[in-house]
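Okay, thanks for coming, everyone.

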Amino acid sequence: MSTVPYTRPEAGAGTELPPPMLVAAGEPLVSVIIPALNEALNLPHVLAALPAVDEVILVDGGSTDDTVDVARRLMPGIRVVQQNRRGKGNALACGFAAATGDILVMIDADGSTDPREIPSFIAELRAGADFAKGSRFAGAGGSADITRLRSGGNRCLSALVNLLFGTRYSDLCYGYNAFWARHLDAFALDSTTSADGRLWGDGFEIETLLTLRAARARLRIVEVPSYEQQRIHGESNLNAFTDGLRVLRTIAREWPRRRRAAGLPAAERTR
């Protein structure tokens, strides 16, 4: 894994950088995609916690603060991509399309997903998984942020998806995932159409969309225990009710496609 494309940020006062990863030549290149909208205060913490990877892509959603300037100052080699519509889903689609790595990792810019867990996701992919899905409810996973309402809703939605799609997800609505870039076409994300509003999949439903389409494509899916931190600065745009409805709508839209694939083996799981 080469670390030439970017310069690791300097740790701030009281911040300890993780040690560099020692890897042999010929290993897969890793791209980390970070959607961001007005996250200038959070980026110093997030970028300082990144392990050595090959490419970091910040997808800016039209920030009105100095998010982009802060990112470039902290990490001179970072690639900045402007999304062409609105929403986290569109940001990820644009970031995935721009990435050059063999492994694509998606993390949040608010500090809720811990970059220091990235090696665990990569290890599962190198061990044979196609899609490594973070879970706050598996193994040593947990959350300092999720409310009882959101946790209960997530568990109910996960159970519904497991029943309809033949999966065994423990945490449907969590956006910390990694997968091999060769499987990107399975997700059928639109990164080229420009629009004033959002297309389907451009919002927070992207997390559910990815996991359902990974199952439909019969990818080998492994859950990775992950601990969700509280957002460092600012307020979340998540809404338990409206975003829950979008997840339900996503399940309803994707379910007919799964039924048309009846008779095909379910997504392979290792645990």
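So, which strands are included in what covers the buried residues of H4? Hold that for a moment while I do the housekeeping.

This is a predicted model, so local features need pLDDT of at least 70 and side-chain atom pairs count only at pLDDT 80 or more, while totals for chains, interfaces and linings use all residues. Residues are numbered from 1 along each chain as its sequence is written, and side-chain values use heavy atoms, with hydrogens and water left out.

How confident is the predictor? pLDDT is its confidence in each residue, from 0 to 100. The mean for the protein is 83, with 82% of residues at 70 or more. Contact here means heavy atoms within 4.5 Å.

Back to H4, residues 118–126. Helices (H or I, at least four residues) and strands (E, at least two) are DSSP runs, numbered from the N terminus. Buried means under 20% relative accessible area, exposed over 50%, and partly exposed in between, with a 1.4 Å probe and protein chains only. In H4, the buried ones are Ile-118, Phe-121, Ile-122, Glu-124 and Leu-125. Down the axis of H4 they fall within an arc of 160°, so they line one face; that arc is taken from the directions from the helix axis to the C-beta atoms. And the cover? It includes strands E1 (30–36), E4 (103–106), E5 (131–135), E7 (177–180) and E8 (221–225). Just after H4 comes Gly-128, with a positive phi of about 130°.

Next, H5, residues 148–165. Its buried residues are Ser-151, Asn-154, Leu-157, Ser-158, Val-161, Asn-162 and Phe-165. They cover an arc of only 140°, which puts them on the same side of H5. Turned away from that side are the exposed Arg-148, Leu-149, Cys-156 and Leu-163. Gly-166 follows H5, and its phi is positive too, near 70°.

Last one: Glu-55, in strand E2 (residues 55–60). Buried or exposed? Glu-55 counts as buried, because its relative accessibility is 8%. A polar atom of the Glu-55 side chain lies 2.9 Å from the backbone nitrogen of Thr-100. Beyond four places in sequence, Glu-55 is in contact with several residues, including Val-30, Arg-79 and Gly-101.

That's my tour, thanks.

Definitions and conventions. pLDDT is the predictor's confidence in each residue, from 0 to 100. The expected span of a helix is 1.5 Å times one less than its number of residues. A polar contact is a pair of N or O atoms within 3.5 Å; within protein, one must be able to donate a hydrogen and the other to accept it, and residues adjacent in sequence count only if both atoms are side-chain atoms.
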